[in-house]
Amino acid sequence: MKGCTPERQGSARALRVRRLLRPLCPEGMVAGAVFFAFSLTPSLLPRSYAVQGLLSGLSFAAGYGVGVAGVLLWRYLQLPRARTRVRRVLRTIAAAATALLCLASLWHAAHWQNSIRRLLGMEELSGFQPVLLVLIGALLFVLVLGLARLFAWVWRRLSSRLGRYVPARLARLLAAGLSVFVFWTTLNGLFYRFLLKAADRSFQALDALIDDELPRPAGPEQTGSSASRIAWEDLGRQGREFVARGPSAADLSAFFGRPVTAPIRVYVGLNSADNPEARAQLALEELIRAGGFQRSLLLLVTPTGTGWVDPASQATVEYLHRGDLATVAAQYSYLSSPLALLTQGDYGAEMARALFARIYGHWRSLPKDSRPRLFLHGLSLGSLNSDLSFDVFDVVEDPFDGALWSGPPYRHGTWRRATRERDPGSPAWLPIFRGGSVVRFMNQTTGLREGTGTWGNFRIAFLQYASDPITFFDPKSAWRMPDWMREPRGPDVSPALRWFPVVTMLQLATDMMAGTAPKGFGHEYAPLHYIDAWLAVTEPEGWTDAELQRLRALFHENEPRAGGR
């Protein structure tokens, strides 16, 4: 403050400090307490107390912001304001109401969480830690409040400076835009420079880690063997797991009681070639070398962000087709799916398109009566990129045979259209689309055989659970109730779940990032449901009911290993 006396400068600094440390808004406190209570109610998946604390703190901050915004709107409209003495009384009442509402909701929190756990067949919480939950939530609220007040301080400073040169209203508008730019640039830079770089280094180191107990492929047809065009070290952690952990010829022969050939698994790691086009070409060459196009079924799998291919989906289809199957996949990232989607979303789709173009192009050049049937598969982010891998106009003259997509994210284009344009009377969590002639849906209780029409030769199937937040998260749930919450609900969705503005969206986002569920619920897809899905989509021959029961028992007793996503 040029030209001001030291006393005035000190007074101005004291005023700024008081603004940063000013008492909490009573209206905001009450609204925050309401949002806090909402956040403790059931959503799709159970939450730990630590995760619940983060969610509740963020919800309280959101409610507080809504209350403050209401007060600012009241003042802007120049409506009557309470006197100072009345304000003090209201602040006391608001503090008491906030405390009582928070305590009452905390009293029911364990019961609400256990209602979900019972529905999913999980053990109920034996103890609850409300003090730690409140502490975590309070710390997060203070952090968000501090950032909000810092933003307001920057906005006021910029408004004051700009007000010397332009009209006051224009100065405030320009200051708001500049403040948003400054904060976004700073936080974005901090996120990418420190957090993402740290995550990148961690996942890269994990991807390069070679498990000494993992058997290196010895068969000449196996990717990573001495005869392979792809080095074992370049496959990445998930690629090595994929090519080494599949069922062997001995495993299949023991189950079927006769000699059976091992399935072919081709995988190209992120370090196997410099770019998507080169990796796709390498995958095609490796698939040809291994004899993949001589098998009766060819499966093009798009992995998740880390390069993981779900063992439950892969091993089941290999057993169903008695090993007469070849699978090809290519890694596009070593980050987890949320980070890959955030930072490398286009790259995953680019890799999927390049691989599909190479594999489909060669497959199409083969005689129709001798080439394998071609199917696509992907889980989660893999299903999204698999959907983006082809253009219907490029395949309409000679279509491949179909696709099975499990746990599709809400951004999945084909899923969104089929759900939005579903037949009247079918629920959003299990739609029927145009009678099921091309696209069908299944969950734990309803298979792909359901449909009012005949399923054609080209088949698209979605395996999804109504309790999967990856599939049913939608930012629009912040201001409107999603269709899947309407009656009748899915069999694994709590009847106690209610829609609340803003909070429901935060709950679903938390479920998506940190929710937990056993196999067969949420985003954990069970082998038994994959068996039913692959059986309906690919229709393998020669299976009796008794053999299918043996297969289901095999996978029920020997759960495939989980992996990173």
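**Figure 1. Overall view of the predicted model.** The protein chain exposes about 27,700 Å², and carbon and sulfur atoms supply 60% of this area (Shrake-Rupley method, 1.4 Å probe). Of its 565 residues, 47% count as buried (under 20% relative accessible area; exposed is over 50% and partly exposed in between, with a 1.4 Å probe and protein chains only). The secondary structure comprises 19 helices and seven strands (DSSP runs numbered from the N terminus: helices are H or I with at least four residues, strands are E with at least two). The model is predicted, so local features need pLDDT of at least 70 and side-chain atom pairs pLDDT 80 or more, while totals for chains, interfaces and linings use all residues. Residues are numbered from 1 along each chain as its sequence is written, and side-chain values use heavy atoms, without hydrogens and water.

**Figure 2. The ring pair Phe38 and Phe500.** The structure holds 23 aromatic pairs (ring centres of Phe, Tyr or the six-membered ring of Trp within 6.5 Å; planes under 30 degrees apart are stacked, over 60 edge-to-face, the rest tilted). The Phe38 and Phe500 ring centres lie 3.9 Å apart with planes at 10 degrees, so this pair is stacked. Phe38 belongs to helix H2 (residues 26-39) and Phe500 to the loop between helix H16 (469-472) and helix H17 (503-514), 462 residues apart. Phe38 is partly exposed at 23% relative accessibility, whereas Phe500 is buried at 14%.

**Figure 3. Aromatic cluster and a charge over Trp363.** One aromatic cluster is formed by Phe356, Tyr360, Trp363, Phe390, Phe400 and Phe458. The charged end of Arg371 sits over the Trp363 ring, 3.7 Å from its centre (NZ of Lys or CZ of Arg within 6 Å of the ring centre and within 35 degrees of the ring normal).
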